[in-house]
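Dear colleague,

Please find below the structure that I am handing over to you.

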Amino acid sequence: MLALPYAQAGMGWILGPVCFLLFAWITQFTAQLLVDLYVIDGRRMRTFPEMIDYTMGKKGMIVLGILQQSNLVLTALAYTITAAQSMAGVGKLAAGPDATGDEWYTKSWPMGVIFGGVQLFFSQLPNLESFWWASAIGAVMSLGYSCIALGFGIAYHGTEGGIEPMQFGSTAATVWNVLNSIGAVLFAYSFAMILLEIQDTLADTPIRPEKKKVATTGPVTSMKWAVNMSVGVMTAFYCAISWSVFASLGYKQTGFVLDDYAGIAPNWVLYMAYVMVIVHLVPAYQIWSQPHFAMAEEWIDRAVFKERIPYVYVRLGYRVLYGGL
């Protein structure tokens, strides 16, 4: 969400809204299909690689599994960068106008190291079920800073922006920025990469006999409702924030909406928004990393150590190495 107003500026008033609404529909449609694949022939597909292995065989599982795992790692990296940028934003506000800019707490890389150290601790929680409380806190924080960003766009309203995309020095640079903007919108709808893993955390409920449709398990029915609701709420927030901020700032954006209002909005509101981002990204990092941990550690345990050492040592070693890198 934090980069979406910049993406809107990169696409302009025509392509931007089309991309938001088109990708929302594609996400909702394909996510519903994926939810149905949680149960195949009466068997539960607890992970995305397991489902691919069952439906497409080993070759499909290897190819698509690599794509999924790569995206999980890159998403965790993106969250680390965003958290570090937010922590540095807090440092800049605390330093005040007299800061030279050389202070360590105003730079992103030391903050990234601190954030990684926090993740070393949280990564030792065994699975996604252990994060239900952190996920709930993260959802509240996400809603909070999204409302603040929307409030900025409304409070400092304007009539900036134009139909054309953000212009750069050359046609190639402009086209490249448009493609990056489209990618940013796609990234905002990327939850389907871990949809089955999240679905597997839902409790099962018995099927009501009066239903005459094809029998489904509780997690399928619940997840379909959750997908419809979440995609609708996400799209409403994405569009409202991106369009209002674009109308407010136009093409004068840096790519991080909170930084763009530094010096304009009250500092205490910015403090609150930055902290909400940081608190949100702590569990978000783990939610995207836990499926990768599970697959990587299982493979290391079987292929490398031949199940000769306790699994807890494999988990401890790999997660410390992952967080350190």
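A residue is called exposed when its relative accessible area is over 50% and buried when that area is under 20%. Please bear in mind throughout that this is a predicted model.

With that cut-off, Ile163 counts as exposed, because its relative accessibility is 54%. Ile163 sits in the loop that runs between helix H4 (132-155) and helix H5 (171-188). Ile163 also belongs to a nonpolar patch on the surface.

As to the chain as a whole, 10 helices and two strands were found. Starting at the N terminus, the order of elements is α-β-β-α-α-α-α-α-α-α-α-α. The radius of gyration is 22 Å, close to the 20 Å given by the globule rule for 325 residues, so the chain is as compact as a globular protein of that length. Along the principal axes, the C-alpha atoms fill a box of roughly 60 × 50 × 40 Å.

Of the contacts between residues at least 6 apart in sequence, 75% join residues at least 24 apart. The accessible surface of the chain amounts to about 16,800 Å², and carbon and sulfur atoms account for 70% of this surface.

Yours sincerely

Note on methods. Residues are numbered from 1 along each chain as its sequence is written. This is a predicted model: local features need pLDDT of at least 70, side-chain atom pairs count only at pLDDT 80 or more; totals for chains, interfaces and linings use all residues. Side-chain values use heavy atoms; hydrogens and water are left out. Patches are made of residues with over 30% relative accessible area and no salt bridge: like charges are joined within 9 Å, nonpolar side chains (Val, Leu, Ile, Met, Phe, Trp, Tyr) within 5 Å. Accessible areas come from the Shrake-Rupley method with a 1.4 Å probe; for residues, only the protein chains shown count as cover. A salt bridge is a side-chain nitrogen of Lys or Arg within 4 Å of a carboxyl oxygen of Asp or Glu. Helices (H or I, at least four residues) and strands (E, at least two) are DSSP runs, numbered from the N terminus. Buried means under 20% relative accessible area, exposed over 50%, partly exposed in between (1.4 Å probe, protein chains only). The radius of gyration is taken over C-alpha atoms; the globule rule is 2.2 Å times the number of residues to the power 0.38. Contact means heavy atoms within 4.5 Å.
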